[in-house]
Amino acid sequence: MRILRRWRHPASWSIFRLDDRLLLILIAVIVGTCSGLAAVALNRSLIAMFEWLHHFRHYWWSFIMPAIGAALSALFLDKMVKEGAGHGVPEVIYSVSRYGGLMRFRSSFSRLISSCLTIGSGGSAGPEAPVVMSGAAIGSNIAKLFSLNDRQRVTIVGCGAAGAISSIFNAPIAGMVFSIEVILGEWKAVNIVPIAIASVAGTEISRILQGNQIAFSHRLFHIGHLDIVACIGLAIISAVASVLLTRLLRSMHGVSKKAPFPIWVRAAAGGCAVGIIGIFLPIVLGEGYHPLRTMIEGAYTQGLGIVTLAVFAKILATSLTLGWGGSGGIFAPCLVIGSLAGLTYHRGLLLLWPSVPWVNEGCFALLGMAGLISGMLHAPLTGIFLIIEITGGYEVILPLIIVSVISTTLCHYIEPVSFYLKELVEKGQLLRPGTDARVLSDLSVQELLEKDCIIVKQNMLLRDFINIIKKSHRNYFPVEDEKTGRFLGMIHLDDIRSYLFNPLMYDAVVLGQIMDTDVKVVYLDDDLSEVLRKMDVNRLFSMPVIANRKFLGMISKATLLDKYRNELMVQTDL
Amino acid sequence: MPFLAENHIVFICKGMHGCTSHILPSAFSLLSIYMKLNLNDMARCLDLPVSTVDRWIRQGRIPIHRSGNDCIFKESILEKWAFNHGLRFSLPNEERKKEQKFGLTNLLPAMQLGGVFHDIKGDDVESVLKSAVDKVPVPAINKQGLYERLLEREALTSTGIGKGVAIPHPRTPLPEETDNSLITTCFLEKPIDFEAVDDRAVFVMFILLSTSIKNHLHLLSRLAFCVRDDSFVEFLRTYPDTSSLLSKIADSENLLDKADHN
Amino acid sequence: MDAQLFHIFRNTPLGRETLLQSIYFCKKVGASLIIYIPEFTKFLMYFENDVVQIDLDNSYLTSPETALKHAKELLDQGKIKARFLEPKNFTASTLPDISTNFDFMCCPRSISDLSSKIGLGYIGPRVRRIVNSARFPVLITSPVFKKWRSIAVSFGGSANAVNALKLGFRISRASEMPLSVYTHMENASRESYEEIIKNENHEEEMDHYVTEWHMFERGKFEENIYDVPHDALVVLGAYGHGLIRNIFFGSKMEKIQSTITNNLLIAGPNYGLGQK
């Protein structure tokens, strides 16, 4: 029994006890492998579903298929697994920032199944975000199994996410960078090594099971100087597209919330609309990897008009799928929209300056992809590394950097917060480590309580009170009711200073007469930011803490500064 | 913890209840010395609230491992960590030593040290002080220097506090010359005009020599408390001998202590 | 005590009985009552090493308009004031987070299953997970409100049982009700149990609070349980011995909760951590 229990607490083994890096690396291997498997499973099932449903695509009623898929997925999530809809990455970030990465076990598989239903039937969403959430949940539960503490668990959750992304794209660096940039939000040496190992493990699993394929191969591009200048224009266009996508998604969410139908009806409605669009523009359906390949190889033959229409259509389709209750991520749609935008731009350039030897349109497709990813996620590094890894095209690095960076900056001006973080920031729930909000949320009133006030009763004479003042170290004296012990009010030394030296009053005044009953109080479970606001509004430097109508102690700004500094120093250490 | 004991020498300190060290020799020696403390004691050593330490252990921010209510850590690592983060860490026995230093002397031991002397000769302030200073039983003191300092203080304002009592003292404490504070009680042969606050002649002097200002104020306040009582002053006027004076002082101090602790 | 008891209100007659029990407990023990009237069927409780999703049975959301009124009526009857909890953090838009730094929690035997399933021998899986992860003891109420007039601690000698004993002392001290300890001796002598108590430095409290210590040497456990008075609050530890032993030999907690109808106060393995 004891042996079994010890096995489940490896953090307490003597080799690992004080330097847990080795432990984290070992667990990272396990987690990377598991999340890699999850990603491969989703990939395979998507391919299988796609092939199975392909036969039915030419029937007139094929537009219902996305509707059925979305409805099924919404039903599954709501009734069977009892989770909310949404793509889940904000949930991972929320749990990492607030609760040390604790996630429910059901999250490991629920999104995989639901997004398989949504995307496989034709919904316009990506499989990456569900896979990230599954990987993160797998990491979290393995960490729970081994009873790791918060900091270690956060690292392992990052490992899970990294393993998942690396596996699905066969791109270890992108997985690493995504996990650190977006999920964890901090580049710490202690995180990077396990996450890197997990990425490698995930990629290796994917290569073993699916072969070492570069997702999108391409022709060699010859970038001229004019092309680099033209990139700036592309960056602007992709920034515009990102903002459009974000805004449309949000408004769809808003509209669908107001609709009085049950969840699965709404999802079905969205799916129907997508299906209808898909009849005219089949590029809009599904996650779009196949059309992506064609576009990068420069083999996409539709004209400028159709391509421009396709950009907007895909944006609309994605918003409909995700905003109305379907389950999936925005990564893959971003890639498709980005490459469509790139194509549009290229065709436009050709139209305006036909004599200039622009580079092949496939290159612009690539650059568009990078621009859109960087703009949506505010993660330029992820965009750069992802494109390089999935295309193997290092020669585009210069324009790639320009597009990513400019796109991110532009989007940052218009939408100050990235897509994943937007929900959290709106609710005021984003807590990055080492920030003021985080420190205040970690500290609690209980930790700041000062219990060195001497409590007095309301019937005490001033004369006896003088003796108490002699012994006390503070200026505040709380008054309690003699019989019930309830907090009645506070006496501040300033208020009674003038009476203290008048001996005639010593026997004439009872404490109940000089106390201040209109006192603002703080409760034990109050939020510290709320407490600080109360102090600022009322210009107080200390306030009494009450629980169950009894006085517990004082809380003051001076102690808060002290504890705040300690907390900040501990949070931001190496 | 059998697993642990096989490979390391374990030094287990049982916190505030005294140190019992068990050194288990083994083939693979030294290198890891783990200490174990209860969570509450740990919080006390770090001078932090229990909930903060508990939270930091849960979040992995402090290098302590926890099993149940026990904290296991390596002293050197924890000290380094505390230093890097501006926190104090001191083991239980060290804390106890710090608390002992700052005691205050009370009237009774101070008067016992200083001695009680009768029939001090002199016609005026200077001569009376001179004879009194000669009686002070501290060989290390420079008598002439002390006399001048007492005079200096008298020149500022008279130390006659009324009802015939005076409390000459140097303006600054004398920590080098005396280890303990003392009060030398001198009953004068005949009452002298001290220019006291109530213009009454002084018949008894309490020479206060303190090691610190805090001690001085403490003794002064206690003495003032005694003198406020008219019956005490009447008692003094009977020129009591050493033992009865000291017992009277002891009684007054007991009353004071009781009043303080209420 | 400045303790807090967390109660999830079900606006049905069954929920009324549970709330009455919570009110009585708070008054006796001097704790303050915190009531959550759920708006959504799900919520999350984040513990130290586990996150538990509570999926409430639909009856918890019955007629929300009258829920507050009914709760306040019961509070007025019991002459006790309570605070109503409004969740501030949400993991997802319909998934509020409920904090876990309470001192007690009260719930019926199951909160995610239909009321028809609540009977002897059944403790819902969610409730079990809460007991396993929480630092606070869980008060599992009998289906009908019953005032308890004494405290009975089931002491089996394991570490959790010692926790239960400490909890018993605490309740006895706060409520000034008589405390008795019941031990079913299985192949161990009386002295060994006393030894355990001495090792944990609880001898004085044993003498001070405990009025009687019943040691059952013979007979089956289920039969001896009859000696526990019908109006006692039974305090016990959960998951006392290891997992394998529980599977093979059955656990005391399971036997107790399938046999008696008293209110149970269960202290999980994490009870008492980080407390003074």
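How many bridges join strand β4 (residues 116–120) of chain B to strand β7 (residues 182–192) of chain B, and do the two strands run parallel or antiparallel? In this predicted model, 3 bridges link β4 and β7 of chain B, and the two strands run parallel.

**Strand pairs**

Strands of a sheet pair through backbone hydrogen bonds, either parallel or antiparallel.

The table sets out the pairs.

| Strands | Bridges | Direction |
|---|---|---|
| β4 (116–120) and β7 (182–192) of chain B | 3 bridges | parallel |

Strands β3 and β7 of chain C belong to an open sheet of 4 strands, in the order β4-β3-β7-β6, with mixed pairing. At the edges are β4 (51–55) and β6 (90–92) of chain C, each of which pairs on one side only. From one strand to the next, the twist averages 30 degrees.

Helices from chain C and from chain A lie across strands of this sheet. Helix α3(C) lies across β3 and β4 of chain C, at about 150 degrees to β4(C). Helix α4(A) lies across β3, β4 and β6 of chain C and runs at about 155 degrees to β6(C).

**Helix packing in chain A**

Helix α4 (residues 89–99) of chain A also meets a helix of its own chain. Its axis and that of helix α18 (residues 419–426) of chain A come within 8 Å and cross at roughly 55 degrees. Angles from 65 to 115 degrees count as roughly perpendicular and those under 35 as roughly parallel, so α4(A) and α18(A) are oblique to each other. The crossing of α4(A) past α18(A) is right-handed.

Which residues meet where α4(A) and α18(A) touch? From α4(A) they are A:Val89, A:Pro90, A:Ile93 and A:Tyr94; from α18(A) they are A:Tyr420, A:Leu421, A:Glu423 and A:Leu424. Sorted by class, this contact has 7 nonpolar residues, no polar ones and 1 charged.

**Domains and chain contacts**

Chain A is assigned domain 1 (2–210), domain 2 (225–426) and domain 3 (440–571). The C-alpha centres of domain 2 and domain 3 of chain A are 59 Å apart.

Chain C is divided into domain 1 (4–140) and domain 2 (150–267). Their C-alpha centres lie 26 Å apart. The contact between them takes 13 residues from domain 1 of chain C and 14 residues from domain 2 of chain C. On the domain 1 side, the elements giving two or more residues are α1 (13–29), α3 (125–133) and β9 (138–140) of chain C. The residues of that side divide into 8 nonpolar, 4 polar and 1 charged.

Chain C also touches chain B: 4 residues of chain C are in contact with 7 residues of chain B. The side of chain C in this contact has 1 nonpolar, 1 polar and 2 charged residues.

Terms used: Residues numbered from 1 in each chain as written. Chains lettered and ligands numbered in written order. Predicted model: local features only at pLDDT ≥ 70, side-chain atom pairs only at ≥ 80, totals over all residues. Domains from an automatic or database assignment. Contact = placed C-beta atoms within 7 Å. Nonpolar A, V, L, I, M, F, W, Y, C, P; charged D, E, K, R; others polar. Axes fitted to C-alpha atoms, helices over the stretch in contact; angles between N-to-C directions. Parallel < 35°, antiparallel > 145°, perpendicular 65-115°, else oblique. Left-handed = near helix turned anticlockwise from the far one by under 90°. Pairing = 2+ DSSP bridges.
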